[in-house]
Amino acid sequence: MKTRFRRYALFALVVVADLFLSWQYPARGSVAMKSSLDYLVEMFLFIPPIFVLVGLLDVWVPRQIVEKNVGPDSGVRGVVISILVATAAAGPLYAGFPVADALLRKGCRLANAVIFLGTWATIKIPMLMMEVKFVGLPFALLRLALTLPAIIATGYLVEMILKAGEPGRFAQGAGEKNY
Amino acid sequence: MLFNIVLYILAAVALYISFRRDRQKTKKALAIAWNSFRNLIPTMLGIIGLIGLMLALVPREVIAGLFGNNSPAGILLISLAGAVTLIPAFIAFPLAASLLQSGASVMAVACFITTLLMVGIITAPMEVNFFGKKFTFWRNAIGFVLALVIGGVMGVILQ
């Protein structure tokens, strides 16, 4: 109960801030609440199907398939698959968190999960199209060319750091968490 | 919007096929979906509220105002702004375009875009929920450093 309460702490804080703002600066307060409501609607529009897909992935995709394609021994192939799958994604990064989490629980290599998130955040195709339209092809292409190696490096670095430390969720053999 | 429709159709078709093949498994999948959704709600509500506050307190003009200064300190400030804020791509890229047109340096704009995309301070609580503090810290810290490098190189090449 106490932890449950604590999880709403951030939300409670925001509500208090919103109320204070509306009281002191009504115009800004209403902008804040209106933007939040817009976002809430947007989230509720795309979050449910993503969770349904994650649930289906959990029960239907056998561990071996995830392990074989993006697991610890998947090498370059695993990196390429992680990037290709994530470029096809759309929606903000926080929609990618549950997907990466499900993949990790199915035996995805940590580096590949980080690469997947990095790709989702930075170079997914719908985003690149918008980038080309607004800031031009050279900007977009150069950013793509520099971001790809950066994402891969981040994946391996995060994996090295987390695996080197004390036993935790991402230590060798961990990562399986049952609901 | 189109993306949402595609996503819903995809989920509905997958659910239908799953249900036809195995009701029990489908029920389990929906239970998993519901549980993860419920777990996410408290943090999600908090983050949505934060985004709203941010948009109200730091309007576009304030962000645009940061771009007058192209010294290393100015660039760093812009990058920090990029790391902290969460702006959807359909606002960020038009904003970047208008900043470039009004004379902001490519390096500053590039650093803003790369840190915006590679570092998510506002979504960090959600990331911690899923992957833990250490994961979140390192993924974002490394992302920030590399975002600065990418922005810097882009600024030099595209000058």
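Analyst: Helices (H or I, at least four residues) and strands (E, at least two) are DSSP runs, numbered from the N terminus. The model is predicted, so local features need pLDDT of at least 70 and side-chain atom pairs count only at pLDDT 80 or more, whereas totals for chains, interfaces and linings use all residues. Residues are numbered from 1 along each chain as its sequence is written, chains are lettered from A and ligands numbered from 1 in the order in which they are written, and side-chain values use heavy atoms, with hydrogens and water left out.

The relative accessible area of A:Glu131 is 0%, and therefore this residue counts as buried (buried means under 20% relative accessible area, exposed over 50%, partly exposed in between, with a 1.4 Å probe and protein chains only). Its surroundings can be read from its contacts (heavy atoms within 4.5 Å). Setting aside residues up to four places away in sequence, A:Glu131 touches A:Gly136, A:Phe139, A:Ala140 and A:Arg143 and also, from the other chain, B:Phe93.

One of these neighbours is a charged partner. Side chains of opposite charge can pair when their charged atoms come close. A:Glu131 and A:Arg143 form a salt bridge, with 2.7 Å between the closest N and O atoms (the rule asks for a side-chain nitrogen of Lys or Arg within 4 Å of a carboxyl oxygen of Asp or Glu). This pair links distant parts of the chain, for A:Arg143 belongs to helix H9 of chain A and A:Glu131 to helix H8 (residues 125–135), 12 residues apart. A:Arg143 is buried, as is A:Glu131.

Helix H9 takes part in another pair. A:Glu159 forms a salt bridge with A:Arg109, and their closest N and O atoms are 2.7 Å apart. Because A:Glu159 lies in helix H9 (residues 137–164) of chain A and A:Arg109 in the loop between helix H6 (93–105) and helix H7 (110–122), the pair ties together parts that are 50 residues apart in sequence. A:Glu159 has a relative accessible area of 10%, so it is buried. A:Arg109 counts as buried because its relative accessibility is 18%.

The closest N and O atoms of the salt bridge between B:Glu127 and B:Arg139 are 2.5 Å apart. Here too the pair links distant parts of the chain: B:Glu127 is in helix H7 (residues 124–131) of chain B and B:Arg139 in helix H8 (residues 133–157) of chain B, 12 residues apart. Both B:Glu127 and B:Arg139 are buried. In chain A, A:Asp58, A:Asp101 and A:Arg105 are joined into one network by salt bridges that share partners. Over all chains, the count comes to 7 salt bridges.

A:Asn112 is found in helix H7 of chain A, and it counts as buried because its relative accessibility is 1%. Apart from its neighbours within four places in sequence, A:Asn112 is in contact with A:Val70, A:Gly71, A:Ser74, A:Gly78, A:Val79 and A:Ser82. From A:Asn112 to A:Gln24 the separation is 88 residues in sequence and 48 Å in space, C-alpha to C-alpha.

Turning to the chain around these residues, chain A has 9 helices and 0 strands. Of its 179 residues, 47% count as buried. Among the contacts in chain A with a separation of 6 or more, 71% are between residues 24 or more positions apart.

Cysteines are the next topic. A:Cys108 counts as buried because its relative accessibility is 8%, and B:Cys111 counts as buried because its relative accessibility is 1%.

Finally, chain B is divided into domain 1 (1–57) and domain 2 (59–159), with bounds that come from an automatic or database domain assignment. The centres of domain 1 and domain 2 of chain B, taken over C-alpha atoms, are separated by 28 Å. Domain 1 of chain B gives 11 residues to the contact, and domain 2 of chain B gives 10 residues. B:Tyr16 lies in helix H1 (residues 2–21) of chain B.
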